[in-house]
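Please consult the sequence and the structure shown here.

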Amino acid sequence: MKVMHCPLNGPRNMSEFVYGGEVTEMPDPSTCSSEAWAEYVFLRDNLVGVVREWWYHTPTSYWFIAERNTVTDEIVRSYPVTELFDKRVEFQSRDS
Amino acid sequence: MPFGLLKYGLATKYPARRHFTARKDLNPHYDVVIIGGGGHGLATAYYLAKEHGIRNVAVLEKGYLGGGNTARNTAVIRANYLTPEGVTFYHESLKLFHTLSNEFDYNVMFSERGQLTLAHTDSTIRSFRWRAEVNKHFGVRSELIDREQIRELVPTLNMSEDVRYPILAGLWHADGGTGRHDAVAWGYARGAAERGVELHQLTEVTGLQIENGKITAVETNRGLVGCGCAVQAVAGMSSVLARIAGFRLPIVTYPLQAMVTQPLKPFLDPLVSSAQLHCYVSQTARGEIVIGGGSDPYPLYSTRSSLELKESLLAHTIEMFPFLSEVKLLRQWAGITDMTPDYSPVMGLSPVENYYLDAGWGTWGFKATPICGKTMSQLVATGKVPELIAAFGLDRFKTFKQINEAGATAASH
C-alpha cells in the first residue's frame with residue numbers, strides 16, 4: 001500500500017488519511033460579498049503539478065499540510081499546520 | 001468457416017469503408033473549433049453540420065478520436081436521476097440512444113436491459129421512493145421493488161441476510177441499458193466527417209487568443225487557428241483548459257477505476273448497482289463482467305490503478321455475486337473525471353464570449369453524449385442557451401442554485 005508521512009505519527013498507510021482539499025485563503029465571511037464567498041466555497045484551482053493540500057490522519061484526528069504532485073501522486077513534503085498559520089485568524093463579527 | 005471468413009475479409013468486392021478521411025493541414029480559420037474529439041465534441045460537430053448547416057467546423061483532438069474518457073467509461077445509459085432538471089435532460093438523451101443506430105447506419109449496440117439499484121438501508125429506500133416518483137412524473141420508468149422481485153430479476157444475486165449489508169429493496173429502472181461507447185463516438189465522427197467537418201487528431205490546444213473578452217483564435221501544436229467561436233469538451237482536463245481561458249471551474253479531477261473479468265456464459269441481464277457498496281456490475285455482450293466503483297479517495301490527473309481500490313471494489317462485488325471469486329480479472333483501467341460539487345455538469349456560457357463550456361462530466365458523461373451534442377450545437381448555432389441545459393450553467397455556483405444529483409449516482413463517490 002502507498003505510504004504517507006504524517007508529521008505527527010511518521011509513515012502510515014495511505015488508507016488512514018483523508019484528503020481535505022486545496023489550501024486556500026478564506027475571505028472574511030461577515031464582510032465579503034456573496035459572490036466572493038461562492039467563489040471560495042465552489043471554485044478550485046485543480047492544478048496539474050505540485051499542489052498544497054489539507055490532509056487528515058483519521059486515527060489520531062490530526063490535520064496537517066502536504067505538498068503532492070497531482071500527476072505522479074508523489075508526496076513531496078508534509079508538515080504541521082503551524083508552518084503556514086502561526087497566529088490565530090480573527091474575523092470581524094457582523095454586530096461589532 | 002475460418003477460410004470463408006478470410007475469403008470474405010480479403011475479397012475486394014466488399015471494401016472496408018473508411019470512417020473519415022486522413023488528416024490534412026489545418027485551415028487558417030474555422031467558424032467553429034471544437035476542442036476535444038471525444039463523444040461530446042464529435043456529437044456537437046455532428047449536430048452542428050446536420051441540423052444547423054454549420055459545416056466549417058474543426059474538431060481538435062490531442063490524442064486519437066474517442067480515446068479519452070469516451071473509451072474508459074462503463075457504457076451505462078440511464079435516466080433515473082433525482083432532480084427534475086437531471087431527469088428531463090438524461091431522459092432526452094436516452095430517447096436519442098434508441099434511434100442512433102438507424103440514424104448513423106452504424107451499430108451502437110444499444111441494449112435496453114434495465115438497471116437495478118440496491119438499497120441496504122431505510123434511508124436509501126426513502127430516496128428510491130422519491131426518485132421513482134420524480135421519474136414517473138417525467139415519463140421515466142422507475143419503481144421501487146421488493147426482495148422477491150429482485151430475486152426474480154437477478155436470481156444469481158446474493159440475497160442472504162447474513163452479510164454486512166443485506167439487500168432490503170431495489171429501484172428498478174426498465175429504461176436503463178448499455179451501448180458501445182466507441183461506436184457512439186465513431187458513429188458521430190463518421191456522420192460529421194461526411195458532412196464536411198474536419199477531424200484533426202494529434203492536435204493539441206496549447207493556448208487561446210482572447211481579445212476584448214472574446215475568443216478569436218486557438219493556438220495548437222500545429223499552428224494558429226482562427227475561430228468564430230470555440231467549444232471546450234475536454235472532460236478530465238476541463239480545469240486546465242479553463243485556466244488557459246482565464247477562469248476557474250467548480251471542478252476537482254479524480255480518477256475512476258473500473259475492471260473487467262474473463263468472459264462467462266450469459267447470466268446477468270440487468271445492470272446491478274449499489275451505492276452503499278460503491279459498486280456496479282454488468283455483463284457485456286461478450287460475456288465479460290464489467291465492474292465499476294466510486295472515484296478514488298483523492299484527486300489525481302493519472303489513470304494509474306491502485307491495489308486499495310481493487311481490493312475494496314472486488315470485496316463488494318463478491319458480496320453481491322460470491323461465485324465471481326473464482327473468476328479471473330482480464331483488464332483494469334481508469335479514467336479521469338471532472339467531479340463537481342453537486343454531481344451535475346457545467347455546460348453553456350463561459351466568462352469568455354463565444355467560448356462555450358461542456359465540462360463537469362464526472363462519472364455521468366457517456367450517457368449524456370447525444371443530448372449534449374444536440375444542446376451544445378443549438379447553443380453554438382443560436383448563441384442562446386437551450387432550456388434543457390439552462391440550469392447547468394456555470395453561474396449556478398454564484399447564485400447557490402446547485403442541481404444536487406449526489407444521491408442518484410450509481411456508486412457514491
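E13 and E14 (residues 279-283) of chain B pair in the antiparallel sense over three bridges; strands pair if DSSP finds at least two bridges between them. Helices (H or I, at least four residues) and strands (E, at least two) are DSSP runs numbered from the N terminus. In this predicted model, local features need pLDDT of at least 70 and side-chain atom pairs count only at pLDDT 80 or more, while totals for chains, interfaces and linings use all residues. Residues are numbered from 1 along each chain as its sequence is written, and chains are lettered from A and ligands numbered from 1 in the order in which they are written.

**Strand E13 of chain B**
- B:Ser274 has B:Cys279 in E14(B) as its bridge partner.
- Four residues separate the strands of this hairpin, in which B:His278 takes a positive phi near 50 degrees.
- E13(B) also runs parallel to strand E4 (residues 115-119) of chain B, joined by four bridges, and B:Thr117 stands opposite B:Ser273.
- B:Leu271 and B:Ser273 point one way, B:Val272 and B:Ser274 the other, and all are buried (20 or more other C-beta atoms within 10 Å of the residue's own, C-beta atoms being placed from the backbone).

**The sheet**
- Eight strands of chain B form an open sheet of mixed pairing, in the order E5-E6-E4-E13-E14-E15-E12-E16.
- Strand E5 (143-145) and strand E16 (329-339) are the edge strands, each pairing on one side only.

**Contact between the chains**
- Chain B gives 20 residues to the contact and chain A gives 15 residues, where contact requires C-beta atoms, placed from the backbone, within 7 Å.
- Helix H8 (238-245), strand E12 (252-261) and helix H9 (307-320) of chain B each supply at least two residues of the side of chain B that touches chain A.

Conventions
Contact = placed C-beta atoms within 7 Å. Buried ≥ 20, exposed ≤ 12 C-beta atoms within 10 Å, placed from the backbone.
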